[in-house]
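Morning, everyone. I'll walk you through one structure, a few residues at a time. Please bring it up on your screens.

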Amino acid sequence: MNKNFLMTTLAVVIFAIPSFAQKLNQLSKKEKKAGWELLFNGENFDGWRQCNGDAMPANWTIEDNAMKVLIGEGKKPGQGAGGDILFGPKKFKNFELSIDWKASNMANSGIFYYIREIPGKPIYYAAPEIQVLDNKNATDNKIDSHLAGSLYDMLPADPKTVNPAGQWNTCVIKVENGNATVKMNGKEVVSYTHWTPEWDKLVENSKFKNFPGFTEGISKEGYIGLQDHGYPVWFRNIKIREL
């Protein structure tokens, strides 16, 4: 068979195949059947608000079907502007959460769960954090458990599972009856169990050992939230299913 004819035919077949790529910030029929629900529609901040606040902070915007946190007005890179946010309509106990995130150069942020709001206290006061980071250039990249995908300051994730700044990553956090796993781009990177002697040891060996929110014990249900750490970071395809 003529080689050029074969290549032309193959190209026609490829371009004739319709694209079944899932649309951004939408659930497939399979996901809906499995109980997934969207926490972000790609168009506005419905359901989201400032932690310990009533409205969205000024340094968040919608860009390219993603929610984006900006450097706050009058702030330098790395200086948060009090813009930590959470999904307010509902608290979650047993769940599987999936979030796509993309970091800018040097960016630092985090994904929080089991948030309990305490007036005057930051989002991380009493909530576990899964780190969001530009592993290459962020200033907070000197400690293994501070790299992206890690249970922050407690358990390190494999940095090889993380795409660099400017590229999207998918983080999946599953918590059921205290047992937690975190996946980065399809690979499990950390696992742990809350409210156990092992968990208490992780806390004791971390920066949270003197945080009353941790020493008193983290909540067994709470809000889902995202951190403003003073760098541009994008989030999309935020979805959750209760277990």
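With which side chain does the side chain of H146 make a polar contact of 3.4 Å? The partner is the side chain of Y152. By polar contact I mean a pair of N or O atoms within 3.5 Å; within protein, one must be able to donate a hydrogen and the other to accept it, and residues adjacent in sequence count only if both atoms are side-chain atoms.

Before going on, some ground rules. This is a predicted model: local features need pLDDT of at least 70, side-chain atom pairs count only at pLDDT 80 or more, and totals for chains, interfaces and linings use all residues. Residues are numbered from 1 along each chain as its sequence is written, and side-chain values use heavy atoms, with hydrogens and water left out.

Back to H146. It sits in the loop between β8 and β9 (168-176). Helices (H or I, at least four residues) and strands (E, at least two) are DSSP runs, numbered from the N terminus. H146 has a relative accessible area of 5%, so it is buried. Buried means under 20% relative accessible area, exposed over 50%, partly exposed in between, with a 1.4 Å probe and protein chains only. A second polar contact, of 2.7 Å, links the side chains of H146 and D140. Not counting residues up to four places away in sequence, H146 touches Q131, L133, D140, Y152 and D153. Contact here is heavy atoms within 4.5 Å.

Next, S104. This one is in the loop between β6 (95-103) and β7.

Five strands form an open sheet, in the order β2-β5-β12-β7-β8, with antiparallel pairing. Two strands pair if DSSP finds at least two bridges between them. At the edges are β2 (48-50) and β8 (129-133), each pairing on one side only. Inside the sheet, β7 (residues 108-115) and β12 (residues 223-226) are joined by three bridges. F112 has G225 in β12 as its bridge partner.

Last, helix α3, residues 197-204. W199, L202 and V203 are buried there. They pack against β11 (187-193) and α4 (212-215). The face turned away from that buried side carries the exposed residues P197, E198 and K201.
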